[in-house]
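Me: I'm new to reading protein models. Could you walk me through a few features, one at a time?

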Amino acid sequence: MDQLYCIINYYKYLMRQFFNLFNFNQKVNYKTEVLSGLTVSMALIPEAVAFALIAGLSPLTGLYAAFMMGLVTSIFGGRPGMISGATGAVAVVIVSLAKSHGVEYIFATVILAGMIQMLAGLLKLGKLMRLVPQPVILGFVNGLAIIIFTSQLVQFKGDSGEWLSGTPFWVFFSLVALTIVIIWGLPKLTKAIPASLVAILTVFAIVALMGIDTRTVGDIASIQGGFPPFNIPEIPFTWGTLHIIFPYAAIVAGVGLIESLLTLNIVDELTQTRGRGNKEAVAQGVANIFSGFFSGMGGCAMIGQSLINITNGARARLSGIVAAVMLLVFVMFGAGLIEKVPMAALTGLMIMVAVGTFEWASLKTFNRFPKSDIFVMLVVTLVTVFLHNLALAVLIGVIIAALVFAWDNAKRIRARKHFDSNGAKHYEIYGPLFFGSVSVFNGKFDIINDPDEVVIDFRESRVVDMSAIEALNKLTEQYLNAGKKLHLKHLGPDCRKLLKNAEQVIDVNVIEDPTYRIVADKVK
């Protein structure tokens, strides 16, 4: 009976996953999903090829990674409509390893990074995204928008690196401008067909019919290939190998999770829905493991392609599945046609993505936000733009924001003093007591000149950490050594347990004492 019960429950689980996969429990515009997926697949190709070349790898490693990442995360991810693929953030991390040890070590690194990401998801570390403040997210988004825009400028250069001029420049510029106008203007007339797809097809038709000589996808690299081949990395399975690949794998895992979870938050804001960060972390890990075993360079969520998908109206998993499958179809059967797509169309599309990604409203907050928040936002933006290290930019932003928060709260500790009818002196403490405010807190007391009976009331304060507990221990010891009677009121039970002189100095008021927890507060 127990086995039958387990089988029935597993069957129910599979059915729920099947229904969730195609969103049968909600209305889905299948035409929009399919067309948007087709558009995204075209936008994935030049990005995947470019990022593979940045990493010093074959274009097919980027395309295979885009297919595997896109397919797995679309099916199992925590954010329907979000697109994953080969990314520049990962390419920048692995480029030195690719040059020094070769592609097989890249595959092993990606697999190990996927395992780390899966572990992070299973341990529910996605909740750590709560620690990323809004100024950091704004700086990250704005920096990424600038990177997307500036990365398109290289298309205005010739093969030898010089800027286009004369007729080639104006031809390319006109096609880019036409793409932008269509993407901007068509939604004002109709939203029946994704504007980005119409723009690509229109520019493609003009170039083909008029025989215009302009750069195409095929001029970057050939995308002709077969189904991603299964491959166990041909590396020595030794501690020495692990010592080589683990640092890269840890950085790839961290960068991938940060970029994916931030992209998830952005899509959440745009769609007014809520994704599941831990589920997305597990899916990213599984996708990277499959990518490594199927000859891919790995990757993570792509904010540009995700915004294309969401802007086109896609909200379900189907669009991401279509994008991944069509990408593989193009590689296996339609390479000759896709290689003829003008780069001008894709350049115009990505420029519009950059414009849509940038948080223009953040420019209006300069006179309203605290200066510290503006500083954090600018630092994150600059680090993102100039170092192209998204994980480092977010980490620096979080550290600065945390230090500013601690500094501001350290100055908020206050003590209101008065004497009661019995001559006892009362200190009513306001503000949080933690490591940053301990020195200010200690300066509030006049132990030598205080009367024989002193009351310190924490009704409007909170004792936050062990530094605060230690400060209270030293303060109570000083009053006791001075032969004065000290009363500590309205402390939580954890505080009372940790104080050395608890029995001598604490007045317990069960009704009014707070129930907050010290140090070991469990985040739910």
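Me: Which residues form a positive surface patch?

Reply: Here, Lys-124, Lys-127, Arg-130, Arg-274 and Arg-276 make up a positive surface patch. Patch members have over 30% relative accessible area and no salt bridge, with like charges joined within 9 Å. A salt bridge is a Lys or Arg side-chain nitrogen within 4 Å of an Asp or Glu carboxyl oxygen. Keep in mind that this is a predicted model, where local features need pLDDT of at least 70, side-chain atom pairs need 80 or more, and totals for chains, interfaces and linings use all residues. Residues are numbered from 1 along each chain, and side-chain values use heavy atoms, leaving out hydrogens and water.

Me: Is Arg-276 buried or exposed?

Reply: Buried means under 20% relative accessible area, exposed over 50%, and partly exposed in between, using a 1.4 Å probe and protein chains only. Arg-276 counts as exposed because its relative accessibility is 54%. Arg-276 sits in the loop between α10 (239-271) and α11 (277-293); helices are DSSP runs of H or I with at least four residues, and strands are E runs of at least two.

Me: What should I look for in phi?

Reply: Most residues other than glycine have a negative phi. Lys-124 is not a glycine, yet has a positive phi of about 60°. Lys-124 lies in the loop between α5 (103-122) and α6 (134-152), and counts as partly exposed at 49% relative accessibility. Ser-295 also has a positive phi of about 60°, in the loop between α11 and β2 (300-301), but Ser-295 is buried at 10%.

Me: How many residues of α6 are buried?

Reply: In α6, 14 of the 19 residues are buried, so the helix is largely enclosed by the rest of the structure.

Terms used: Patches are made of residues with over 30% relative accessible area and no salt bridge: like charges are joined within 9 Å, nonpolar side chains (Val, Leu, Ile, Met, Phe, Trp, Tyr) within 5 Å. Accessible areas come from the Shrake-Rupley method with a 1.4 Å probe; for residues, only the protein chains shown count as cover. Lys and Arg count as positive and Asp and Glu as negative; His and the chain ends are not counted. The place of a charge is taken as NZ of Lys, CZ of Arg, CG of Asp or CD of Glu.
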